[in-house]
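Here is a short report on one structure. Keep the sequence and the 3D view open as you read.

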Number of protein chains: 2
Amino acid sequence: MAQITLHDLAKKLNISVSTVSKALKDYPDVSEKTKKKVLALADKLNFSPNIVASNLRTQHTKIIGVIIPNIVHDFFSKVIGGIIDEAEKNGYIVILLQSNENYELEKKQLNLLIQQQVDGILLSLTVETKKFKHIKRIQQQGIPLVMFDKVTDSIDCSKVVIGDKKSAFDAVSFLIRKGNKRIAFFGGSMVALNFNQRFNGYLEALKEYRVPFDDRLVYMCNKNKEYADGYSAAERLIEDHGVNGVDAVFAATDVIAVGIIKYFNDNKINIPKDIAIFGFGNSFMSSIVSPALSTVDQPGYEMGINAVDILLTEISHKNENENISLRNIIIPTSLKIRHST
Amino acid sequence: MAQITLHDLAKKLNISVSTVSKALKDYPDVSEKTKKKVLALADKLNFSPNIVASNLRTQHTKIIGVIIPNIVHDFFSKVIGGIIDEAEKNGYIVILLQSNENYELEKKQLNLLIQQQVDGILLSLTVETKKFKHIKRIQQQGIPLVMFDKVTDSIDCSKVVIGDKKSAFDAVSFLIRKGNKRIAFFGGSMVALNFNQRFNGYLEALKEYRVPFDDRLVYMCNKNKEYADGYSAAERLIEDHGVNGVDAVFAATDVIAVGIIKYFNDNKINIPKDIAIFGFGNSFMSSIVSPALSTVDQPGYEMGINAVDILLTEISHKNENENISLRNIIIPTSLKIRHST
């Protein structure tokens with residue numbers, strides 16, 4: 001069946017197209033009787049107004065574009081859940097693209113979103129993104145942009161992030177107050193802002209409690225193979241320092257921490273008696289691993305909601321030609337203390 | 001900065017709008033020299049063609065609408081990853097909506113997608129969906145529709161599913177061949193097609209190997225609290241039958257299986273010596289739980305790719321006014337045998 005148009009309705013009711021259009025929009029200058037007739041027929045024929053045509057007139061698409069590095073990730077899927085739910089509550093729908101941590105794809109996808117005339121963009125950067133011309137271009141076009149989680153200081157826009165540094169500071173402070181002195185840091189790429197901040201939080205906690213920093217206690221795990229790298233770095237940790245040379249490990253992600261737990265379990269190293277472990281993320285697996293992992297709770301769903309709320313505010317300010325004041329939201333985290341510490 | 005239009009380019013180059021448009025589309029009746037001039041200026045001014053306007057003319061949006069019950073789910077996030085990547089490779093982008101297992105929301109979202117004039121729809125049903133008028137409406141409007149994972153026999157359309165019954169049959173057959181006779185089934189709602197099929201696969205394997213079926217070995221776990229229910233159902237299993245009254249458990253999801261493992265570990269029931277456990281899903285946690293869980297590998301990413309490929313074929317057949325032949329794809333699964341069996 002072909003799509004029903006305003007013209008079809010008008011013809012069948014023997015009234016003008018503009019009367020049909022006004023009736024559907026509940027304009028006061030159309031009689032109630034006519035409105036009822038139009039609505040009844042529209043309902044009967046399953047008429048859907050052509051939003052694309054109507055958007056072209058109003059210049060709004062009611063679409064938000066979202067680019068994330070990878071959706072198969074417990075934290076990002078929660079963020080996306082929050083974004084989609086909050087957008088929908090406000091009458092917006094979401095185009096979702098994943099850059100697969102590929103800078104060229106990210107550039108291409110931003111262009112796609114511009115071409116689709118999205119009303120605003122939510123962006124989380126790839127690990128590869130070191131140049132930002134493609135992002136500045138969005139801003140030059142006047143498209144509201146909010147960055148979340150993987151952000152950069154090189155772009156002036158509203159940002160929503162987890163308080164990585166403070167969360168790491170809190171976690172490591174907790175470990176120190178429990179009597180641990182020799183605390184290893186297991187991190188990812190220091191170029192990535194999140195890991196960098198988590199490392200800084202670790203350093204600050206050591207400083208605060210006057211625990212000497214030992215760079216031989218810092219181990220790196222590759223993105224995309226964090227579990228395997230957590231396992232093998234734990235092996236190196238024990239080779240390098242022995243079980244007695246380490247009191248605790250602060251892992252920058254839960255996946256790394258779970259890799260460490262696996263190595264310790266396999267090698268009869270008691271957690272937390274021999275070595276305590278603290279993770280980051282409060283993913284589902286952190287609660288089911290044995291022993292259950294103490295970790296930093298990152299409220300991903302709330303991050304998604306916040307990002308959408310800020311973006312919609314900016315879109316509405318833009319539409320009213322009001323000034324936009326940029327916002328930097330740091331989503332508060334909390335410590336989940338379980339059996340691994 | 002305001003959006004650059006074809007008119008702006010034409011004015012600056014002192015040529016007609018239609019020449020600019022043809023040059024950008026590489027039409028043969030525009031000279032190479034003019035094309036170069038137009039492209040250079042378009043590039044300099046960051047010109048993006050207005051896709052919305054151009055779609056209105058061609059009647060294609062190059063957008064696929066996708067509705068899933070819930071994105072925060074290891075399997076669905078993989079499916080979505082496959083959908084987005086495959087759509088993009090073919091020049092389509094994806095509007096993603098999540099119904100949160102809510103029938104009313106699913107209805108509303110299908111209307112939203114119709115209004116957005118998407119070229120086609122991929123749909124995975126909520127557990128609540130028992131009426132299908134809203135879905136038939138899509139088909140009446142001639143919008144290509146492919147259902148995936150959570151499907152129904154009540155709608156004639158192409159479908160992509162995991163071979164739930166055969167996978168369950170294979171898993172339970174494996175357990176029986178290993179010498180297990182008293183095999184419990186831990187499932188979810190039998191109304192949901194997937195669980196129903198997994199239960200049927202379990203029954204068929206028992207029949208095939210002439211193992212008597214005992215309905216006291218069937219336990220139900222609620223969706224959304226599968227982990228907790230897996231744990232408490234395991235407790236009831238042991239109360240009802242004792243450790244010696246059960247040889248193995250086939251759990252209809254990995255999360256249920258992990259709940260069982262937790263209860264057995266907490267109560268010093270040896271896996272697999274006392275009781276073996278088989279899961280379903282091959283989620284990340286199944287590989288890291290201790291003991292590592294034998295499970296059915298569901299290739300979610302491949303499901304996403306297949307669903308998009310079928311949908312794009314139907315869209316192109318529709319555009320060419322060719323007949324569409326419906327397809328039923330069953331994505332093959334495999335058994336991952338680990339330490340829990």
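A:Asp149 sits in a loop of chain A, between β4 (145-148) and β5 (158-162). The model is a predicted one.

Is A:Asp149 buried or exposed? A residue is buried if 20 or more other C-beta atoms lie within 10 Å of its own. A:Asp149 has 25 within that distance, so A:Asp149 is buried.

Helix α1 (residues 6-13) and helix α2 (residues 17-24) have axes that come within 8 Å. The axes cross at roughly 110°. Angles of 65 to 115 degrees count as roughly perpendicular. α1(A) and α2(A) are therefore roughly perpendicular to each other.

Which residues meet here? From α1(A) come A:Leu6, A:His7, A:Leu9 and A:Ala10. From α2(A) come A:Val17, A:Val20 and A:Ser21.

## The nonpolar cores

In soluble globular proteins, nonpolar side chains tend to be buried together. The largest nonpolar core in this model has 96 residues. A:Val94, A:Ile95, B:Val94 and B:Ile95 have the most contacts inside that core. Take A:Val94. Leaving aside neighbours within four places in sequence, A:Val94 is in contact with A:Ile64, A:Val66, A:Ile83, A:Ile84 and A:Ala87, and with B:Ile95 and B:Leu96.

There is also a second, separate core of 92 residues. Its members include A:Ile288, B:Phe185, B:Tyr202 and B:Phe264.

## Helix α6 of chain B

Helix α6 of chain B runs over residues 103-115. Its 13 residues, at 1.5 Å a residue, should span 18 Å. The end C-alpha atoms are 19 Å apart, which agrees. The buried residues of α6(B) are B:Glu106, B:Gln109, B:Leu110, B:Leu112, B:Leu113 and B:Ile114.

What do these buried residues pack against? One partner is β2 (93-98) of chain A. The others belong to chain B: β1 (63-68), β2 (93-98), β3 (120-123) and α7 (133-140). Just after α6(B) comes B:Gln117, with a positive phi of about 60°. B:Gln117 is in the loop between α6 and β3 of chain B. B:Gln117 has 21 other C-beta atoms within 10 Å, so B:Gln117 is buried.

## Helix α10 of chain B

Helix α10 of chain B covers residues 226-241. The 16 residues should span 22 Å at 1.5 Å a residue. The end C-alpha atoms are 21 Å apart, which agrees. Among the buried residues of α10(B) are B:Tyr227, B:Tyr231, B:Ala233, B:Ala234 and B:Leu237. B:Glu226 and B:Asp229 are buried too.

What covers them? The cover includes α12 (284-288) of chain A. It also includes β6, β7 (218-220), β8 (248-251) and α11 (254-266) of chain B. Just after α10(B), B:Gly242 has a positive phi of about 75°.

B:Asn180 is in the loop between α8 (164-177) and β6 (183-187) of chain B. It has 21 C-beta neighbours inside 10 Å, so B:Asn180 counts as buried. Leaving aside neighbours within four places in sequence, B:Asn180 is in contact with B:Leu175, B:Asp247, B:Ala248 and B:Ala276. B:Ala192 lies twelve residues from B:Asn180 along the chain, and their C-alpha atoms are separated by 27 Å.

Where are the cis peptide bonds described here? One joins B:Ile271 and B:Pro272, with omega about 5°. B:Pro272 lies in the loop between α11 and β9 (276-278) of chain B. Another joins B:Ser290 and B:Pro291, with omega about 0°. B:Pro291 is in the loop between α12 and β10 (295-297) of chain B.

Conventions:
Residues numbered from 1 in each chain as written. Chains lettered and ligands numbered in written order. Predicted model: local features only at pLDDT ≥ 70, side-chain atom pairs only at ≥ 80, totals over all residues. Core = buried A, V, L, I, M, F, W, Y, C linked by C-beta atoms within 7 Å. Buried ≥ 20, exposed ≤ 12 C-beta atoms within 10 Å, placed from the backbone. Contact = placed C-beta atoms within 7 Å. Helix = DSSP H or I, 4+ residues; strand = E, 2+ residues; numbered from the N terminus. Expected span 1.5 Å × (residues − 1). Axes fitted to C-alpha atoms, helices over the stretch in contact; angles between N-to-C directions. Parallel < 35°, antiparallel > 145°, perpendicular 65-115°, else oblique.
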